[in-house]
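Please look over the structure shown here before reading on. The briefing that follows starts with the ligand and then turns to the cores, the helices and some individual residues.

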Amino acid sequence: MLALSANGHLPKADYALFADTGWEPRSVYQHLDRLEKEIAAPAGIPVLRVSSGNIRADALDPAHRFASMPLHILNEDGKQGMTRRQCTGEYKIKPIKRQIRELLGYPYPRRIPKDVFVEQWVGISTDEFHRAKDADVRYMRNRHPLIDMGWSRNDCIAYLTSIGFADTPKSSCLGCPFHGNAQWRHIRDTSPTEWEDVVAFDAAIRSGNARANAGGNPLLGQAFLHRSRVPLDQAPIDHVTAAEWAALQQGPAEHTAVLEQLEEGVVDGCSPWACRGDAEAVQDDVGLAA
Ligand code: SF4
């Protein structure tokens, strides 16, 4: 959308916002730098990088309030669960809202008059139509220009390729537990230092929330980044195991969709205003604590 705007296919945007969790893959930061230099700056569109901190460092800091990532949990009785996902709200939506209030001239906690709002473009394509959602505040009105243009993901890729951005990477935290096997393999096979980083993080969160542990509320079970609930450096990321199939209890009709999710990760991933919602059963820190 930034390129479409810069190149005159969409109206000129006033700003482009990037919510930085502090733990994106190196390729995403490199891509953003290039986008900013080659596309946004020449068109006079400022790219604002907004942040609520570093999600990786915060998760491991006993002194920091933990905005939980959706970790895969293995309880002491063998039952599986997931921690509630709070990170998208904390690390993406919150800093974007803060920045928008400032741009509007009404920083928190000033009341924003009814008729003051921004039009916010969210880059949802036609093949993920169901992700298009309204903002939850009156001062932001969401629009979905790609859907208005009838553009699918393939149309976006074709356009990016035509302007020399064929290698546009997917944005998400390096160690997001929503990754499928393909994303884990990509990290392992292309970036040994980033693989080392996620493996170390996976080991460090085994006992759950650093702050809860420090506060005497240890996790009664174990937390993992990979859905198999096996340490990442031993997890079956090269194939779908029989146990994974069995655990899913899916009939043959669902196999293709399930296989795609195991490979490519949670279909809808993580994006402000386009989240997959709390579709899965969740288990919060209270339920996990002593
Ligand atoms: S990419 Fe994953 S870990 Fe990062 S904010 Fe989104 S859901 Fe949380």
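How many residues surround the ligand, and which are the closest? The ligand is surrounded by 13 residues, of which C87, S172, C173, C176 and C270 are the closest, a residue being counted as near a molecule or strand if its C-beta atom, placed from the backbone, lies within 6 Å of it. The model is a predicted one, in which local features need pLDDT of at least 70 and side-chain atom pairs count only at pLDDT 80 or more, whereas totals for chains, interfaces and linings use all residues. Residues are numbered from 1 along each chain as its sequence is written.

**Overall make-up**

- The protein has 12 helices and 7 strands, where helices (H or I, at least four residues) and strands (E, at least two) are DSSP runs numbered from the N terminus.
- Of its 290 residues, 29% count as buried; a residue is buried if 20 or more other C-beta atoms lie within 10 Å of its own, exposed if 12 or fewer, and partly exposed in between, with C-beta atoms placed from the backbone.
- Among contacts between residues at least 6 apart in sequence, 65% join residues at least 24 apart, two residues being in contact if their C-beta atoms, placed from the backbone, lie within 7 Å.

**Ligand shell**

- Helix α4 (residues 87-104) contributes the largest share of the shell around the ligand, namely 3 residues.
- Sorted by class, the shell has 9 nonpolar, 3 polar and 1 charged residues, where Ala, Val, Leu, Ile, Met, Phe, Trp, Tyr, Cys and Pro count as nonpolar, Asp, Glu, Lys and Arg as charged, and the others, Gly among them, as polar.

**Nonpolar cores**

- The largest nonpolar core has 37 residues, and I55, L71 and A223 touch the most other members; such a core is a set of buried Ala, Val, Leu, Ile, Met, Phe, Trp, Tyr and Cys residues joined through C-beta atoms within 7 Å.
- At least two residues of this core come from each of α1 (2-6), β1 (16-19), α2 (26-43), α3 (55-59), α4, α7 (181-190) and β7 (221-224), and α4 gives the most, with 4 residues.
- Not counting residues up to four places away in sequence, A223 touches L71, I73, I205, R206 and G208.
- A second, separate core of 6 residues includes V122, I124, L146 and W151.

- The 18 residues of α4 reach 25 Å from the first C-alpha to the last, close to the 26 Å expected at 1.5 Å a residue, the expected span being 1.5 Å times one less than the number of residues.
- At I93 the helix α4 bends by about 35°, and a proline, P95, follows within four residues; the bend at a residue is the angle between axes fitted to the seven residues ending there and the seven starting there.
- The buried residues of α4 are C87, T88, E90, Y91, K92, P95, I96 and I100, and what covers the buried residues of this helix includes β1, β2 (47-50), α3, β5 (118-121) and β6 (140-143).
- G105, which follows α4, has a positive phi near 90°.
- In the loop between α4 and β5 lies P109, and the peptide bond from Y108 to P109 is cis, with omega near 10°.

- Helix α2 bends by about 40° at E36, and G44, which follows α2, has a positive phi near 75°.
- A6, found in helix α1, is buried because 22 other C-beta atoms lie within 10 Å.
- Leaving aside neighbours within four places in sequence, A6 is in contact with I39, A40, A43 and I45, and the C-alpha atoms of A6 and I39, 33 residues apart along the chain, are separated by 6.4 Å.
- L35 lies in helix α2 and counts as partly exposed because it has 19 C-beta neighbours inside 10 Å.

**A residue with positive phi**

- R229, in the loop between β7 and α10 (242-248), has a phi near 60°, a positive value in a residue other than glycine.
- Most residues other than glycine have a negative phi, and most peptide bonds are trans.
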